[in-house]
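Work through the following exercises with the structure in view, and try each task before you read its solution.

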Amino acid sequence: QIQMKTNKTLLIIDDEVDVCTLLRRSFRGEFKTVEAAYLLNDALSLAERIHPDILLLDNNLPDGQGIDFIQRFKSINPFMRIVVISAMDLHSEAIAAGANAFLGKPLKMEAIREAICA
């Protein structure tokens, strides 16, 4: 299966370094840029610089709840596709806050691929 490389930018925000590393490796062949941040404030600065097309956003982070930052990310790029990920079932809260999709943990690669490419 040959992956088509897109010119889109993906930003992953998760405080689990292993998750970020795995996702970066998995998607770097498919996106023009794949970046990761472990804190919301770092992610906001990074988003200002790279203007991601797609954001994989963990909810429970050391410096806040990802859901509370959705509108701040949307203000950087109103067309950004935001996928919230969490071990807690926050589907309706994530969608109400402006996310495009929600994925529960543990994460499954097929589900992530489907959510970010929808």
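**Exercise 1.** Determine which residues of helix 5 are buried, and explain why they lie on the same side of the helix.

*Solution.* In this predicted model, helix 5 spans residues 109-117, and its buried residues are Ile112, Ala115 and Ile116. The next step is to look at their directions around the axis: because they cover an arc of only 90°, they are on the same side of helix 5. Turning to the face directed away from the buried side, we find the exposed residues Glu110, Glu114 and Cys117. Finally, the buried residues of helix 5 pack against helix 1 (17-27), strand 3 (54-58), strand 6 (81-86) and strand 7 (101-104).

**Exercise 2.** Decide whether cysteine 117 is buried or exposed.

*Solution.* First place the residue: cysteine 117 belongs to helix 5. Its relative accessibility is 53%, and the cut-off for exposed is over 50%, so cysteine 117 counts as exposed. As for its position relative to another part of the chain, the C-alpha atom of cysteine 117 is separated by 14 Å from that of lysine 32, although the two residues are 85 residues apart along the chain.

**Exercise 3.** Decide whether serine 86 is buried or exposed, and list what surrounds it.

*Solution.* Serine 86 is part of strand 6. With a relative accessible area of 4%, which falls under the 20% cut-off, serine 86 is buried. A polar atom of its side chain lies 3.0 Å from the backbone nitrogen of methionine 88. Once neighbours within four places in sequence are left aside, the contacts of serine 86 are Asp58, Asn59, Phe102, Leu103, Gly104 and Lys105.

**Exercise 4.** Describe the largest nonpolar core and the elements that contribute to it.

*Solution.* The largest nonpolar core has 24 residues, and those with the most contacts inside it are Ile13, Leu55, Leu57, Ile70, Phe73, Ile82 and Val84. Two or more residues of this core come from each of strand 1 (9-13), helix 2 (40-50), strand 3, helix 3 (70-76) and strand 6, and helix 2 gives the most, with five residues. Apart from this core lies another one, of 18 residues, among them Leu23, Val34, Ala101 and Ile112.

**Exercise 5.** Which element has the lowest mean pLDDT, and which the highest?

*Solution.* Start with the whole protein chain, whose mean pLDDT is 93, with 97% of its residues reaching 70 or more. Among its elements, helix 5 has the lowest mean pLDDT, 90, whereas strand 5 (residues 64-65) has the highest, 98.

Methods:
Residues numbered from 1 in each chain as written. Predicted model: local features only at pLDDT ≥ 70, side-chain atom pairs only at ≥ 80, totals over all residues. Heavy atoms only, no water. Buried < 20%, exposed > 50% of the residue type's maximum accessible area, 1.4 Å probe, protein only. Helix = DSSP H or I, 4+ residues; strand = E, 2+ residues; numbered from the N terminus. Arc of directions from axis to C-beta. Contact = heavy atoms within 4.5 Å. pLDDT = per-residue confidence, 0-100. Core = buried A, V, L, I, M, F, W, Y, C linked by side-chain atoms within 4.5 Å. Polar contact = N/O pair within 3.5 Å; in protein donor to acceptor, adjacent residues only side chain to side chain.
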